[in-house]
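Biologist: Can you walk me through this one? I'd like to go piece by piece.

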Amino acid sequence: MSEPMRLLRLSWRGLKRDLRAGDVRALFVALALAVAASTMIGFFLDRLDRGLTRQAGQLLGGDVVLEQSRPFETELRETLESAGLTLSDQVDMVSMVSRGDAFQSVSLKAVDDVYPHYGVSRISRGGDVEEVADGPPRGEVWVAPRLAMLLDVETGDSLRVGGGEFRVGAVIEREADPSAGFGSFNPRLMMHVDDLPTTGLVQEGSRIEYELLAAGSAQAVEDVAPLLARLRTEGVEVQDVREDRPRLGSALARADRYLSLAGLAAVLLAGVAVAMATRRYVERHLDTAALLRCFGASQRELVWIFALQLLWLALTASLVGAVLGLAGQAALLALLGAVMPIELPPPGILPLGMGIFTALAVLAGFAGPTLLRLRRVSALKVLRRELDPLPASAWWVVVVAAGVFGGLLWLYSGDIVLALGLLFGGLLALLALWGVGNALLALLARLCARLPREAKTHDSLWRALRLGGQQLSRRRAASLGQLLAFATALFAMGMIALVRGDLLDTWRAQLPEDTPNHFAINIQPAERDAFEAALTGAAEARSALYPMVRGRITAIEGQPPREMVPEESRGDNALRRELNLTWSAELPTGNRLVAGEWFEPSASTAEEGWMGAVAADPVAPISMERELAERLGLALGDTLTFTVGSETLQGRVASLRDLDWDSFRPNFYVIFPPGVLEQFGHSYITAFHLDDGQQDLVRGLIRDFPAVTLLDVESILSRVREVLDQVTRAVELVLVFVLLAGVSVLYAALVASMPVRAHEAGLLRVFGAGDRLLSRIQGAEFALLGLASGLLAASLAELAAAGIYTTWLDLSPRWHPALWVGLPLGGILLVGGIGQLLSRGLRRRAPAASLGLLGET
Amino acid sequence: MSNSSHENANAPILHAEDLTKQVVSGERHLTILKELNLSVLPGESLAILGQSGAGKSTLLGLLAGLDAPSTGRLAMFGQALGALDEDGRARLRAGRVGFVFQNFQLLPTLTALENVLMPLELTAVADAEARARSWLSRVGLGERLDHLPKQLSGGEQQRVALARAFVTGAELVFADEPTGNLDPTTGERIIDTLFELNHEAGTTLVLVTHDHALARRCDRCLRLADGQLVEMTREEVGA
């Protein structure tokens, strides 16, 4: 047999035999969990990412959407098609339709036979709602329910569109590409693009938007990227799924980060478990190594035998972990079924590779330095037992493990600053834990020593506590190691549970029961009070009525905007279209000031109020939304010129705001102080919540305020709620994995400490301690360890939570009393429970066996 | 593995010249062995007697190449150990040297069979398992192959260790107080088995002990005192 084969066989046999030992099982479980957690989350995020891209494509109507005000040239079409993209034409315009004497302006969308690229539309042809993957056939129009209501038409009736008469074929419940229609406030009417000439609507000077929707592989989209960039600079509006993700939004982005965080926590925990288990593994194998040296194994052979043995272990654990991970991601997907598109890409091979790599890295990083100790075993140890090689320095072990974990952090997050920050933060925390842990142990030992010495009964609780405390302080170094491992485990478990709770609370708070589900726009100033009165009492929850003026940014610092903004923002919607401007004396609810100052009327003009303040300076202060300002490269103090109708006015950026775009409230990019925009024509907008049974009120509003446009966003709202529900369940499943990884640390650490405990238990037995007292002493020791670990973990978690919330998850930090109760209690129960379970066997053993008098090692 | 790798059958299998071992204890240099000389012929059985702390185990460690002397020359199978590093010495031992220890040194997670298999697997012997089974049968443990050490008595554990020492066809077996952890009756039986196996296999046996009954069974007895070896007469051993 060749040398490598011999070593492989030898190591494989060794591993099989070794599985009888608790430390190897602990190593196996820890590695399998690390792989399971990382592959599950890897698989899941990979598919989620691809799924979201697909969904974004569905919302946009294609992977790339081009838009301009004239038809697209054949040459461009040919270029896109030759790259492997399928094209679909669409024409959008605002037009009037009529039925008898009734007229209504509509948002007309004409589609071709290819429509839709993705997804299905839900329509009703007079009966049940059905799903169709087509647009209207020639000669037919489909109308939105609101249009049907306004014109009082049903399927089968006919409508006049421009110069043509069309049959109403269906009522559209949901369009296949909904985002395309969301920006327009007129009710939707869809028809076939071939019918457009019949209507005579396409004429010189008509405001028409031509869209070219392209669908294809990510590679095909990538291939045309340079062309898209050029088109952007030529003024074509280009939307690309990779950049224009829908704002489903921040909830999923947070969930994504949470899952990554949880995955890393599981890997870290598994790493700590591996480190603990390896210590015991190495101690147990010192004898094997010495014997092997005796029988003629060289140092190199020793290293190979043990390294290969652990490699086998890592590979089998990876396999088990990967299967668990696959099952886990399938469960995640089942929970998230409705968020994912129907056609899911199969799980990729990459996450599996990453999982195995993670196992090997964790093993090398957390076990490597400890393992090298086996190499230095002297054969003479078989004759002189005290000849153990020195253990690897604790700091050396920590530094190597931290290096490897830092590398994994970097690999997973792709963010080296974050990885380094977490790494050094973690090392500092460990240093602090070391000091605080030492002090805590000393304090516990002193407290326990003060417990009453004279107890009424032989095995009273106090006595057990005092003896348990003494045991802890006697083995100070070992106790400190265990304390740190437990504290790390409890900390990670606590953190993940904590962040989950706050994440869910934030989601719930984001969309409370009474979140506005209707928008009313175009409320004229004369109707404002009457509209407000109609809502008062009927709609419990509603936002304020905001005035709204349509204006366009026409200059930045006196120059054309296209010349002043970064190149990639030249085609930005905010520059191409009119923005909704508003004014307000107060910062609207849900807005957060992130830079500059909110408007303050100056003291000297206090009596004159805002009007005076503004009149004093022709350039009004304005407050801008932060992301828009960043996109356009604007900073505090920059001057913008707006054109409203035929007038112009100037504003200087005085503050930047963060908005909650998922709030279902009216949001504005630009806010003026009162006293500037009132001179222009304006209308009001508001949002309010109506229950299912309040449709009468809607009809009343439509009847009494015919010019006001009402938008029902309940279906979008319920979809977002659905997504949040499912993501919540996914988050809980991941939490279970982290908790399991935490338990594996506790298990590994306790298994590692068993030989010493066995020896002590044997001695106590010899000196006459009964089963009950022994059990109580050990129980007290575990409970004290658990309590101290829990307290340490709680303080660390509180600090870390504040850091993570503000920097990573975008949540505001808060105080968590539950941590200070939950973690110490959890520590007592978990460490106590697992410890008692593991040491039950010890107590049953004869003292001679525990003390090694029977020749056992 | 060849049993005749050293050329001359009468050349010593083990040869020590002016062997000295010093250890540093605190600030003091302790000399455990002083210019000690020894020659062991193939097939011979040799007992080294001595008081506790006389340095018997240190000498055994040196002779087996588990440790290196401070000064002096040492040869095993005709090969100078001083010229070899620790790995070289290990390679020299592989398959040719067997050990029996006072505390048995069985691995607790391995069955009796697996413990015996261990040295065979290291040298990749073809019929390893059959050989291990047969040796365990010879020491009377054919029915206890799958028992873990903790399921065996002390005597049974030492018999597993004997099977492990001889299974490779070792030319040289070192035994360190093989009966030290056993009661007299069990110890007696172990000695019987040890010499029986030694006789059958024609192995050279070097054992250190403070048990005169055990020493008497050897061809030659030496006493280790003040760091030197002194030949003992039959009478001295019997006394």
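Modeller: Keep in mind that this is a predicted model. I'll start with helix 5 of chain B, whose buried residues pack against strand 6 (97-100), helix 3 (112-122), helix 4 (128-138), strand 7 (172-176) and helix 6 (184-201) of chain B.

Biologist: Which residues of helix 5 of chain B are buried?

Modeller: The buried ones in helix 5 of chain B run B:Glu156, B:Gln157, B:Gln158, B:Arg159, B:Val160, B:Ala161, B:Leu162, B:Ala163, B:Arg164, B:Ala165 and B:Phe166. That makes 11 of the 13 residues, so helix 5 of chain B is largely enclosed by the rest of the structure.

Biologist: How does strand 10 of chain B pair with strand 9, parallel or antiparallel?

Modeller: Antiparallel: strand 9 (residues 220-225) and strand 10 of chain B share four bridges. Within that pair, B:Leu224 sits opposite B:Leu229 of strand 10 of chain B.

Biologist: Over to chain A. Which strands pair with strand 18 of chain A?

Modeller: Strand 15 (residues 592-596) of chain A pairs with strand 18 (residues 647-658) in the antiparallel sense, over four bridges. Strand 16 (residues 619-625) of chain A runs parallel to strand 18, with seven bridges. Strand 17 (residues 639-644) of chain A is antiparallel to strand 18, with six bridges.

Biologist: Which residues of strand 18 of chain A stand opposite A:Arg592 and A:Pro621?

Modeller: A:Arg592 faces A:Asp658, and A:Pro621 faces A:Arg652. From strand 17, A:Val644 has A:Glu647 as its bridge partner in strand 18 of chain A.

Biologist: How many residues lie between strands 17 and 18 of chain A in the hairpin?

Modeller: Two, and one residue in the turn, A:Gly645, has a positive phi of about 60 degrees.

Biologist: Now helices. At what angle do helix 13 and helix 14 of chain A pack?

Modeller: Helix 13 (residues 416-449) and helix 14 (residues 461-474) of chain A pack at about 145 degrees, with axes 8 Å apart. The crossing is left-handed. On the helix 13 side, the contact is made by A:Leu441, A:Leu444, A:Ala445, A:Cys448 and A:Ala449. Helix 14 of chain A brings A:Leu465, A:Arg466, A:Gly469, A:Gln470, A:Leu472 and A:Ser473.

Biologist: What's the split by class in that contact of helix 13 with helix 14 of chain A?

Modeller: Seven nonpolar, three polar and one charged.

Biologist: Last topic, the contact between the chains. How many residues does each chain put in?

Modeller: Chain A puts in 27 residues and chain B 32. On the chain A side, helix 1 (3-18) and helix 9 (250-294) each supply at least two residues. Helix 9 of chain A gives the most, with six residues.

Notes. Residues numbered from 1 in each chain as written. Chains lettered and ligands numbered in written order. Predicted model: local features only at pLDDT ≥ 70, side-chain atom pairs only at ≥ 80, totals over all residues. Axes fitted to C-alpha atoms, helices over the stretch in contact; angles between N-to-C directions. Left-handed = near helix turned anticlockwise from the far one by under 90°. Contact = placed C-beta atoms within 7 Å. Nonpolar A, V, L, I, M, F, W, Y, C, P; charged D, E, K, R; others polar. Buried ≥ 20, exposed ≤ 12 C-beta atoms within 10 Å, placed from the backbone. Pairing = 2+ DSSP bridges.
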